[in-house]
Amino acid sequence: MNEKLKKSFQNLKGFWNSRNKKQKTLGISAVILVLLLAAGVTYFMTRTKYSPLYSGLDVSETGSIKDELDHEGIPSKVTDGGKTIEVPEDQVDELKVKLAAKGLPKTGSIDYSFFSQNASFGMTDNEFNVVKLDAMQTELENLIEQMNGVEKAKVMINLPNQGVFVTDSQAKASASVVLTLKNGYELDQNQVKAVYNLVSKSVPNLPTDNIVIMNQDFEYYDLNSSNSSGNAYTQQQSIKKQIERDIQQQVQTMLSTLMGPGKAVVNVTADIDFTQEKREENLVEPVDKTNMKGIEISAKKIQETYKGTGAASGTTSSSSDSLGSSYISGSNGNGTYSKTSDTINYEVNRIKRKIVESPYKIRDLGIEVMVEPPVRTKRSSLPASRLKDIKTMLSTIVRTSIDKSSGTNLSNRSVANKISVSVQPFAANATANTAKSSAIPWWVYAIGGALLLVIAALVFFMVRGRRKEDQEEEEFVEEAAETTTPIEIPDVNEEKETEATARRKQLEKLAKEKPDEFAKLLRSWLSE
């Protein structure tokens, strides 16, 4: 058995060595391609496609549904932070019906449709009041959750007992609201006022002073506060970080385009002026600023003259007043009199301005940049012209961002002091390159193992086929030796050359020189 196995292995080895390099490459490529194709088909045929069964659930409700599905042996996945549960797509409709029959999901609140579905003559006043209060709270929660930035709302209303007599004074209602905001979102003052007014107008006899609104972090929202969170510092810091982040992203995008991804790190520090100025200006300006004149809208000119005897008396004299009138007196009672009056009304430009300046002005700005040279171990590989271009770009951003009205000196020297550019190799890139060069992908091992299995299977089947063929040949030779009778060969000298003797000699020669072909020939004759 071992000799046959060795012989089969040698034959296989000889067959492989007899192939040229191109044939060997094609054979190996074909095996790898078949394996990859089989793996891909198997993956896509056996992969389960999931679809959402329920979304927006409470974490406790998701756990209940998950336990029920696991108990039934149905595969499922929990996504969206525990708020969504997914099941195989072909089982969604069936599972909804099954879970609804078991009363799942159980979360939810009463809305006003409950009255039309469950109202009956047997409902007491207390039961009706409880259902009415719950429905009112549910409707308010649904309305508040429609606001931008509010993920979930919880409303608790306290209604006072109504007096029996009409003369009894009505007590005030009260309400508490807890808002769950989305990540990174803050309510502005307009939204806070909207919540106060919405709750106050929805509940009878509920003043805004009896309403308390808080978020999930127990931050109190005041109706009269200028800041929604009651903390002006928090809002100012948020605006400051947003401005710094916008400038940082702008610089980072430009440097990534210039140097390549992962080759630059940017840090921005800004000084913001939050002072808001409101002023009113009443200006009067001439229409014609060159001659400092307005528009003539009306004119009046009066001229009076007189000449004759008795016009004046007394001492001879002459004078004139400020209105343009003049007269001359004579000693003999003869004289002249004249008066001229000019009145002109001008219209000027009257300008009224109400100016409200923006409270967010950048008083100062600093930008720090670290870049990695093209050859990370050689700082001189970064050209000086490239470094100059980076500094020029940063100087332009600083000049255009700082508010000019703040009085900040924007000379070339002061702008250069606000910029810092450093050329350093990044340790993170060195670690990533080392790990990338040393690590061998897992699929290399997988393909190698699969290829070894295929080669082993091919060798096993070839050896078994060769061994079976040799066994059949040995059995045939033994049977042929037992069934055939020895051929008597007469003396050559006495034998006559005929067609039969010629064929016999050829067969004898074939049996001596090529026994394998002779055996195949005998096998074909016996089968016939």
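Student: Does Glu244 count as buried or exposed, and at what relative accessibility?

Tutor: Start with the scale. Buried means under 20% relative accessible area, exposed means over 50%, and partly exposed lies in between (1.4 Å probe, protein chains only). Glu244 has 12% relative accessibility, so Glu244 counts as buried.

Student: What kind of model is this, and how are residues numbered?

Tutor: This is a predicted model, where local features need pLDDT of at least 70 and side-chain atom pairs count only at pLDDT 80 or more, while totals for chains, interfaces and linings use all residues. Residues are numbered from 1 along each chain as its sequence is written, and side-chain values use heavy atoms, with hydrogens and water left out.

Student: How many salt bridges are there?

Tutor: Take the rule before the count. A salt bridge is a side-chain nitrogen of Lys or Arg within 4 Å of a carboxyl oxygen of Asp or Glu. That rule gives ten salt bridges.

Student: Which side chain does Glu244 meet in a salt bridge?

Tutor: Lys240, at 2.6 Å from N to O. Helices (H or I, at least four residues) and strands (E, at least two) are DSSP runs, numbered from the N terminus. Both residues sit in helix H8 (residues 232-259), four residues apart, about one turn of the helix. Lys240 has a relative accessible area of 22%, so Lys240 is partly exposed.

Student: Which parts of the chain does the pair Arg363 and Asp271 link?

Tutor: Look at the contact, then at the elements. The side chains of Arg363 and Asp271 form a salt bridge at 3.3 Å, N to O. This pair links distant parts of the chain: Arg363 belongs to strand S14 (residues 361-371) and Asp271 to strand S7 (residues 264-273), 92 residues apart. Arg363 is partly exposed at 35%. Asp271 is partly exposed at 34%.

Student: Where do Arg353 and Glu281 lie?

Tutor: Their side chains meet in a salt bridge of 3.8 Å, N to O. Arg353 is in strand S13 (residues 349-356) and Glu281 in strand S8 (residues 278-285); the pair, 72 residues apart, links distant parts of the chain. Arg353 is partly exposed, at 39%. Glu281 is partly exposed too, at 22%. A network of salt bridges links Arg279, Glu281 and Arg353.

Student: Which residues does UniProt list for "transmembrane region"?

Tutor: UniProt positions are given in the numbering used here, feature names are shortened, and annotations may be inferred rather than shown by experiment. The unreviewed UniProt entry lists residues 26-45 and 442-463. Over residues 26-45 the model is 100% helix and 0% strand, with the end C-alpha atoms 28 Å apart.
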